[in-house]
Amino acid sequence: MKKQIASILCLALIIVLLTACNRADKTEPTDPHKETQAAAVQTEQPTEITATQIAKEPTAPEATQAIVSQTDEATEYEEPTEERATSLRMTIGDTPVSVAWEDGDAVEALRELCREKPLTIEMSMYGGFEQVGSIGTALPTADRQTTTSPGDIVLYSGDQLVVFYGSNAWAYTPLGHITDQSDSELTDLLSNGDTTVTISLE
């Protein structure tokens with residue numbers, strides 16, 4: 001009787017073991033390569049770029065062109081202009097003299113006469129106190145009664161240039177005054193015979 005029970009228990013144990021093995025054989029093995037590929041796919045998913053982002057981010061050439069365009073708009077190009085000489089220079093004979101010119105229509109007209117070429121005036125001594133010469137054309141006048149002093153330059157009768165080394169009282173249009181010559185130097189420069197006066201633009 002005991003032997004039969006033992007045989008039954010052994011047979012039952014064998015059946016249990018065989019059943020367990022069959023279940024283990026039916027379980028699908030895990031593919032390590034598939035797991036690695038799945039992890040790689042999750043890791044390497046690209047960031048989605050929208051069309052709006054692409055439109056907002058200009059390429060390098062476009063950005064450079066935009067900067068150049070803005071610079072051109074900000075900077076207005078101006079054509080260089082030739083600076084015109086406006087200062088009058090006087091020479092008596094061979095001696096250049098400094099003159100403080102008046103600011104008036106007569107001086108402006110004299111300046112315009114000198115734009116194309118220097119103006120040379122043949123002067124003559126008169127009265128023992130002045131040199132006078134014809135300009136060759138009439139200038140605007142603004143005569144006023146004046147008592148001159150050495151170094152004064154005036155317009156007389158609209159077309160006569162007068163340079164004083166003495167004094168006289170008459171109605172003249174003031175043009176300027178010689179500033180770098182003393183009375184005695186003016187006398188030496190103007191009282192020794194007829195001379196020339198050249199007026200030009202600096």
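This is a predicted model: local features need pLDDT of at least 70, side-chain atom pairs count only at pLDDT 80 or more; totals for chains, interfaces and linings use all residues.
The largest pocket holds about 180 Å³ of space. Its lining is made up of Y126, F129, E130, V132, Y156, V162, N168, W170 and Y172. Two elements, β5 (130–134) and β9 (169–178), each give two or more residues to this lining. By residue type, the lining has 7 nonpolar residues, 1 polar and 1 charged.

E130 belongs to strand β5 and is one of the residues that line the largest pocket. What lies around E130? Leaving aside neighbours within four places in sequence, E130 is in contact with S124, M125, V162, V163, F164, Y165 and Y172. Of these, V162 and Y172 also line the largest pocket. E130 is buried but forms no salt bridge.

Side chains of opposite charge can pair when their charged atoms come close. The structure holds 2 salt bridges. In one, the side chains of R111 and E108 meet at 2.6 Å, N to O. Both residues sit in helix α5 (residues 105–113), and because they are 3 residues apart there, about one helical turn separates them. R111 is buried, with a relative accessible area of 15%, whereas E108 is partly exposed at 34%.

The side chains of E112 and R115 also form a salt bridge, at 3.0 Å from N to O. Here E112 is partly exposed, with 39% relative accessibility, and R115 is partly exposed too, with a relative accessible area of 26%.

Definitions and conventions. Residues are numbered from 1 along each chain as its sequence is written. Side-chain values use heavy atoms; hydrogens and water are left out. On a 1 Å grid over the protein atoms alone, a cavity is a set of points where a 1.4 Å probe fits but cannot get out, and a pocket is an open set with protein on both sides within 12 Å along at least five of seven lines; lining residues have an atom within 4 Å of a point. Grid points are joined across faces, edges and corners, and a volume is the space filled by probe spheres set on the points. Helices (H or I, at least four residues) and strands (E, at least two) are DSSP runs, numbered from the N terminus. Ala, Val, Leu, Ile, Met, Phe, Trp, Tyr, Cys and Pro count as nonpolar, Asp, Glu, Lys and Arg as charged, and the others, Gly among them, as polar. Buried means under 20% relative accessible area, exposed over 50%, partly exposed in between (1.4 Å probe, protein chains only). Lys and Arg count as positive and Asp and Glu as negative; His and the chain ends are not counted. A salt bridge is a side-chain nitrogen of Lys or Arg within 4 Å of a carboxyl oxygen of Asp or Glu. Contact means heavy atoms within 4.5 Å.
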